[in-house]
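Here is a short briefing on one protein chain. Read it with the sequence and the coordinates side by side.

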Amino acid sequence: MLWKGLDPSSRDRAPERTPFRFTIALLQSSPRRPTLISAEASLEERFDAIFTRRTSYATLDRTLKRLHTHKRELLLVLERPDLVLHTNGSESDIHGFVKWRKISGGTRSDLGKDCRDGFASLKKTCRNLGISFWDYPGDRIKQLGTVPPLPDIVRERALAASATP
């Protein structure tokens, strides 16, 4: 879990390097059922302070801006205390991708990042559909036509799932 052992008042790291962990720590430290409007407003002010700051990293700035645009959804837990604050499902979805990124050392360009993300998505989709990842691109390159297009498979399975009671 991202928030284990995290002290939101810790000053050993620059705040812009850990905005996500800091935000989760803020949510964890806030009351699950805020009774005072001022507590919610204070949390929203801190959220704004974190996610509107400018850093010296363009990629981080874009990410912070994107997250700030989703402020309502991210702070929905204040209105709906029954929502869970962990992301175990999401974390397991990207676990393989994170290992791959750490081993390879990342990419050198935005084009490389886009290619890596595209192939990671393709690999995950193939795994979810029970199709060999290597068979799918090989079929497309060799133009064999033995593996149907992924959108067709997804559509068929969605129709089959909606047809079963």
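The protein chain has eight helices and zero strands. From the N terminus on, its elements run α-α-α-α-α-α-α-α. The model is predicted, and the mean pLDDT of the chain is 75.

**Confidence**

- In the protein chain, 68% of the residues reach a pLDDT of 70 or more.
- Confidence is highest in helix α7 (residues 135-142), at a mean of 90.
- Confidence is lowest in helix α1 (residues 19-29), where the mean is 64.
- Residues 1-8 stay under 50 in pLDDT. The model has twelve contacts for them beyond four places in sequence.
- Residues 10-16 are also below 50. Beyond near neighbours in sequence, this stretch has six contacts in the model.
- Where pLDDT is low, the predicted coordinates should not be read in detail.

- The protein chain has 165 residues, and 23% of them are buried.
- Take the contacts with a separation of 6 or more: 43% of them join residues 24 or more positions apart.

**Helix α6 against helix α8**

- Two packed helices are described by the angle between their axes and the distance between the axes.
- Helix α6 covers residues 110-129, and helix α8 covers residues 150-163.
- The two axes come within 11 Å and cross at roughly 40 degrees.
- The crossing of α6 and α8 is left-handed.
- On the α6 side, the contact is made by Leu122, Thr125, Cys126, Asn128 and Leu129. On the α8 side, Leu150, Ile153, Val154 and Arg157 meet them.
- By type, the residues of this contact divide into six nonpolar, two polar and one charged.

**Cys126 in α6**

- Cys126 lies in helix α6.
- Leaving out residues up to four places away in sequence, Cys126 touches Ile131, Phe133, Tyr136 and Leu150.
- Cys126 and Tyr136 are ten residues apart along the chain, and their C-alpha atoms are separated by 7.9 Å.
- Leu150, one of the residues touched by Cys126, belongs to the α8 side of the helix contact.

**Leu122 in α6**

- Leu122 is found in helix α6 as well. Its relative accessible area is 18%; this is under the 20% cut-off, so Leu122 is buried.
- Which residues does Leu122 contact, leaving aside its neighbours within four places in sequence? They are Phe133, Tyr136, Pro137 and Leu150.
- The C-alpha atoms of Leu122 and Tyr136 are separated by 9.2 Å. Along the chain, Leu122 and Tyr136 are 14 residues apart.
- Phe133, Tyr136 and Leu150 are among the contacts of Leu122, and they are also among those of Cys126.

**Glu44 in α2**

- The place of Glu44 is in helix α2, which spans residues 37-51.
- Is Glu44 buried or exposed? Its relative accessibility is 18%, so Glu44 counts as buried.
- Not counting residues up to four places away in sequence, Glu44 touches Lys71, Arg72 and Leu75.

**Gln143 in the α7-α8 loop**

- Gln143 lies in the loop between α7 and α8.
- Phi of Gln143 is near 55 degrees. That is a positive value in a residue other than glycine.
- The relative accessible area of Gln143 is 70%, so Gln143 is exposed.

Methods. Residues numbered from 1 in each chain as written. Predicted model: local features only at pLDDT ≥ 70, side-chain atom pairs only at ≥ 80, totals over all residues. Heavy atoms only, no water. Axes fitted to C-alpha atoms, helices over the stretch in contact; angles between N-to-C directions. Helix = DSSP H or I, 4+ residues; strand = E, 2+ residues; numbered from the N terminus. Left-handed = near helix turned anticlockwise from the far one by under 90°. Contact = heavy atoms within 4.5 Å. Nonpolar A, V, L, I, M, F, W, Y, C, P; charged D, E, K, R; others polar. Buried < 20%, exposed > 50% of the residue type's maximum accessible area, 1.4 Å probe, protein only. pLDDT = per-residue confidence, 0-100.
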